[in-house]
Amino acid sequence: MKAVAYSSKICEKELLIKANNKKHDITLISNRLTLDTISYAKGKDAVLAFPCDDLSAPILNRLKEMGVKYISTRSTGTDHIDIEEARKLGLKVGNIPSYSPESGAEHAIALMLSLSRNILPAHKQMLEYDFSLTNLVGNTIRNKTIGIVGLGRTGKEVAKILNAFGAKVLVNDIEDVSDYCLSYRARQVSFDTILNESDIITFHVPLNESTRHMVNAQTISKMKDGVTLINVSRGAIFNSKEVFDSLQDEKISKLGMDVYEFEHNVFFFNHSKNPINDPLLRALIQHSRILLTPHMAFLTEEALQVIAEKTISNLDLWESGQCVGEACCCNKICVDTPKALSA
């Protein structure tokens, strides 16, 4: 199978080459997929995409015209792909259902701990040879009430870690996860209970119509004063302006984010020589009570290895005429085991 991998990062190229083992003819390019770069897909059977790539309806239609049949995104999230348009066009779409959930969970905990123990201001003081402690008093995780919104694979890993820390863990999920909660001394509760009772809330949900802007002025008003929020899932789960305003008003005490609502065309690229024309993003980066990282929660050697292997596995299955099973995103109900593709 011939494929082109857009937005290829140096850290993943060797892993993709090794996982492929010369089975498929894959062209690796660093360019984002846009209308300006779509010509690289000419003559290819598949496109291997990344979250910063544009897979909107116009792009999908052009890919279809060029003969592309398959799209595999090197991510779990598919909000950068117009899935409904892909279905209409008959394009097969696959993702990476899970890759090292420990990576995302540990990054959420890293943000949580760094904010709780004032690591950022401490580091800034050290750079200025200021070794005083007055402004560095922090808090422990132990005995804090911490809400987890979304108990998927990553959320479960967060629950495990927080249980070991001795936190009081509350969980909200659309599924009944009460049995799992018992294993980690957690309690499944309503979203409002999470908002009302949590000292820290960490979000681990996909971006869809029900989760978009689930953190807004109204939901923030129900939170405890001085709450800390953590988001390593998708930026648009937060209404960024309203979250920032609440931080300014000190309703929110601290904010840890690995994602940003308007990160498209910004994150994953070096803008050090081209200043970003986004006043809100600049304010978030410069704020002393915000820790913002550039969508790197997934970025571990372990996760990159799994992403590479599962990306190639998707191509293997498609080439042999099979569905990619759990990785299938082009059917309304994905299956757990590979099956023959329908005509």
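Guide: Welcome! A pocket here is an open set of grid points with protein on both sides within 12 Å along at least five of seven lines, and its lining residues have an atom within 4 Å of a point. The model we are looking at is predicted.

Visitor: Which residues lie nearest the centre of the second largest pocket?

Guide: About 400 Å³ of space lies in this pocket. Its lining has 18 residues. Those nearest the centre are Leu 120, Pro 121, His 287, Ser 288 and Arg 289.

Visitor: Which helix gives the largest share of that lining?

Guide: At least two lining residues come from each of H4 (101–116), H5 (119–127), H11 and S12. The largest share is 4 residues, and the helix supplying it is H5.

Visitor: Let's turn to H11. Why do its buried residues line one face of the helix?

Guide: Helix H11 covers residues 279–286, and its buried residues are Leu 280, Leu 281 and Leu 284. They line one face because, seen down the axis of H11, they fall within an arc of 100°.

Visitor: What covers those buried residues of H11?

Guide: On the other side of the helix, Pro 279, Ile 285 and Gln 286 are exposed. The cover over the buried residues includes helix H10 (240–248), strand S11 (252–257) and strand S12 (290–292).

Visitor: Which backbone nitrogen does a side-chain oxygen of Asp 278 reach?

Guide: This contact sits at the start of H11.

Technical notes: Residues are numbered from 1 along each chain as its sequence is written. This is a predicted model: local features need pLDDT of at least 70, side-chain atom pairs count only at pLDDT 80 or more; totals for chains, interfaces and linings use all residues. Side-chain values use heavy atoms; hydrogens and water are left out. Buried means under 20% relative accessible area, exposed over 50%, partly exposed in between (1.4 Å probe, protein chains only). The arc is that of the directions from the helix axis to the C-beta atoms. Contact means heavy atoms within 4.5 Å. A polar contact is a pair of N or O atoms within 3.5 Å; within protein, one must be able to donate a hydrogen and the other to accept it, and residues adjacent in sequence count only if both atoms are side-chain atoms. On a 1 Å grid over the protein atoms alone, a cavity is a set of points where a 1.4 Å probe fits but cannot get out, and a pocket is an open set with protein on both sides within 12 Å along at least five of seven lines; lining residues have an atom within 4 Å of a point. Grid points are joined across faces, edges and corners, and a volume is the space filled by probe spheres set on the points.
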